[in-house]
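Please examine the sequence and the structure shown below. The paragraphs that follow lead through them step by step.

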Amino acid sequence: MKNFKIFSILTVLVLLLAACGGGNKDGDKGASNAADFPKKKFELIVPYSAGGGTDTVARSFADLAKDEIGQPIGVVNREGGGGAVGMQNGANAKADGYSLSVVTVELLTLPHTGLAQFTYEDFRLVSLLNEDPAAITVRADAPWNTIEEFIEAAKTQKLKVGNSGTGAIWHLAGAAFEKETGTTLNHVPFEGAAPAVTALLGGHIDAVSVSPAEVLTHVESGDFKVLAVMADERVEKLSDVPTLKEQGVDLSIGTWRGIAVPKDTPDDVVKVLEDSFATTIQSEEFKATLEKLNLGHRYENGEGFLNLVKEQDALFAELIPAIGLSPQK
Amino acid sequence: MDLLLNGFAQVFHPSIFILIIAGVIAGIVIGALPGLTATMGVALFLPITFGMDPVAGLLLLVGVYFGGVYGGSIASILLNTPGTPASAATALDGYPFTKQGKAGKALGIAVIAASTGGLFSVFMLIFISPQLAQIALDFSAPEMFGLAIFGLSIISSISGGSVLKGLISGVFGLVICTVGMDPMTSYPRFTYDNISLLNGLNFIPVMIGLFAISEALVIMEEQLTGGKGFGKIIASYALPTWNELKKLWGTILRSSGIGTFIGIVPGAGADIAAFVAYNEAKRFAKKEEKETFGKGNPKGIAAPEAAGNALTGGAFVPLLTLGIPGDAVTAIMLGALVVQGIQPGPQLFETSSELVYTLFSGMLVANVLMLIFGLVGIRLFTTILKVPKNIIAPVIIVLSVVGAFAISNNYFDVFTMLGAGIIGYFMKKFGFPASPIVLALILGPMAESEMRRALVMSEGSFMIFLERPIALTFIILAIVSLVVPLIMGQIKSKKAKAINE
Amino acid sequence: MTLANRIIGIGLLLFSIYVWLTANAFPPSNSIGPGADFFPKVTATILGILSVLLVFKKEENAGDIFTLQRGSIPHFIGGFISLIIYVILVPIIGFFISTVLVSLFWMLLMGIRRWVVLVSVSILLSVVVVILFEYVMNVPIPHGVLY
């Protein structure tokens, strides 16, 4: 009798749940063609954990893009291996246009460090979402006021520069800076950019080589000053901070995020996605979201994105072995 | 004070009040399910809040956060299957209570301790957060290493029957957590070219396996033996009496302090707070009382619950005053704040004081709601004990699989969980406690990376650990708490032998 | 218990030797301070020492380790193996069907014989979990060819 009671409670529960949730699962797995594309829900793989920076960008993008493309976009976080697990998953996904991936600069750095089997050629790049340069940030009370003073100081003493992990983009930026300026830095790896910023705030290290987005709050509160950004152009929110190029150091390095699909996705389907995403990414709402997150905005279509990736891939192909991070055999 | 009253007025606005209620309930449910932690709950709810008014969205997340931290203890007390890592500490004394038929008391103590801890930490946050924020800045690699080592020293006190077996479990956990990319050089260790192993074994699936899957196997064994010698569990709703609670206030307050402090330290979460508080409760207990820890001591429930929930307010201290998250959940909260156009930091209290105080009032309300739901829900929660165990066992297995998969949508984690479950079953059989492994998996990576980071900072000099007072204090405490129980154990067994002879 | 302890101790000792030797083969790092091999070596050494202590430790027999009677051993092994098959089967044929099967089988093993309970509980469990996770909380569950 007792079992029967549990049974009936469960039945009611199921019926209730089924009534409010069921019925919107689309099981259609047919081949797609551009005419009726898209006709079902998209899946957007984010190779990092829910709640992080990349995830937030991806979720706001998915939220805005669904109206433009006419189908919902479900965000799936597949984290692990510093992005390797999710991107590998994305490259192996079904090439029908419904499996989208967020790709980041790690798409280029992971293969060169020997931590991933894929390369950017396993993807068909659709659109670039954003770009953020690296920057050299120090405490506001630090004795260096310009990047030249910092470089001079770094030549005589070993300054402690925090980054987001060995082989991660901000470490590569720091190492590239070291190489270009002929200095010797003491790179201190942290688990992500946030703890590095905390350590700088506490005065335990001398500088960080992370992006302006990570430090902007503390710049505004007067705790930090940014000495230089490693970009071609100045950053909007830090318009008085020079670029390294202006200071005669030819170095542009940073992170970016974009949307990609598996490489065998049909051309006409990619075209539909590219056109639709172009409108979303260039919309004021999306720009405003990036603005709020202190992230830089940059749109490129598939071709422009591919050019950017090729250019950067050449940089990393040279840089990563030079700092001893290529796979040891 | 006016600001706070004004905040309350906002919080009791029906549209907001309902969201807090929904958040707390959702949090409790999510926390109680294996694998779904408070961190994940908040991440799940985050996108929903994007479209909301800042106050409403943040308070929903606060509700999920607080409810989730507490919710883990329900499954932990009733079924010995901790829903969150922090509640693995609660299981140590909570489950024995249930086995003795006092589930209601255990749940009552848990929720009273949890909400007291939560309230304590929110008051700290409201009144002295600028003073406390400095703690967050004083903690860098050497101090974090000290804290991690101190946390690891607890292994000997949560070992249960055999200290040697406890230590073996713990050190085995430490070995296991070196799988994955080396935190300093990113060299892949013991990964056998499997990308799923690059980040190491995900410790939540390991925990689910060690506790939940092994419990399901134990239930099956008990069922097949016909429940012989195990005794049927009688569920009692009886709440703890006032006299019983009176004895716990000291423990609850001390644990709340510990929890708040650990909350402020960036990168240390509810799990660490719960285990440290458990250890301190045992350390402060009277000699004859020490024996009863692990066998159903109410202080063993109150301490981790109070500390785990006191962590929540503490974690907000550096978040709101400095813009630095105090734990994994507040790291997501930082994202939520930023999306809403609120920049946390020293200027926040001036630029958006109204919002801040509404947030504070909402936190106090969320803790009170948690207490109410927790007490009212005891009758509901304990009905789970009336479900026949031969139905519970498959439910545990199924939820474990879904929970392990949900962490990062990587099926590899489910295999990890299965492996840990099988090992966990045999560990139970041969008297090896599982909690030291969980503790080692939480603290091992922290100990290793912080030690080596400190040495990178000092360019190789070990003096950095001796020159910094906080780090040195923790290291000394660690040595004391590791060595003293061992010596005491030796003396005790010698005495016992002498008596026997 | 003493014999079991000895076997476990020797197993752990071999494991720690393996870990130590593997770590010893890690390439030297170019960073300051201890390298990638440091922590595995230290922990493996401690584990090795502890497992030797375990081998030589005498422990009183605390009753039988396994409480199963001879007749129910096949049942238990069946449950054990079905759990492993379940975990392997989920990504192949999907969560829904495999969950129905494993819960049915486990309940059967543990002596539930009323078919109403068996069928309803196993189907309901699967349905409730799918709806709760996938639709209410939006947490994906593993799918295979048969949903």
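Which residue with a positive phi follows H10 of chain A? In this predicted model, H10(A) is followed by A:Asn294, and the phi of A:Asn294 is near 65°.

H10 of chain A spans residues 284-292, and A:Phe286, A:Thr289 and A:Leu290 are buried in it. These three residues lie on the same side of H10(A), because they cover an arc of only 95° around the axis. The general rule is that an α-helix has 3.6 residues a turn, so residues three or four places apart point the same way. On the other side of H10(A), by contrast, A:Glu284 and A:Glu285 are exposed. The buried residues of H10(A) are covered by elements that include helices H2 (53-69) and H9 (267-281) and strands S4 (123-133) and S11 (297-300) of chain A.

Five strands of chain A form an open sheet in the order S7-S6-S8-S5-S9, with mixed pairing. Its edge strands are S7 (185-189) and S9 (224-229) of chain A, each of which pairs on one side only. Helix H8 of chain A (residues 212-220) packs on this sheet and touches S5, S8 (207-208) and S9 of chain A. The direction of H8(A) makes about 145° with that of S9(A). Strand S5 of chain A (residues 135-139) runs antiparallel to S9(A), and 5 bridges join the two. Within this pairing, A:Ile136 has A:Ala228 in S9(A) as its bridge partner.

Finally, the chain may be viewed as a whole. Chain A contains 11 helices and 11 strands, and 51% of its 329 residues are buried. Among contacts in chain A with a separation of 6 or more, 74% are between residues 24 or more positions apart.

Conventions
Residues are numbered from 1 along each chain as its sequence is written. Chains are lettered from A and ligands numbered from 1 in the order in which they are written. This is a predicted model: local features need pLDDT of at least 70, side-chain atom pairs count only at pLDDT 80 or more; totals for chains, interfaces and linings use all residues. Helices (H or I, at least four residues) and strands (E, at least two) are DSSP runs, numbered from the N terminus. A residue is buried if 20 or more other C-beta atoms lie within 10 Å of its own, exposed if 12 or fewer, and partly exposed in between; C-beta atoms are placed from the backbone. Two residues are in contact if their C-beta atoms, placed from the backbone, lie within 7 Å. The arc is that of the directions from the helix axis to the C-beta atoms. Two strands pair if DSSP finds at least two bridges between them. Axes are lines fitted to C-alpha atoms, for helices over the stretch in contact, and angles run from 0 to 180 degrees between N-to-C directions.
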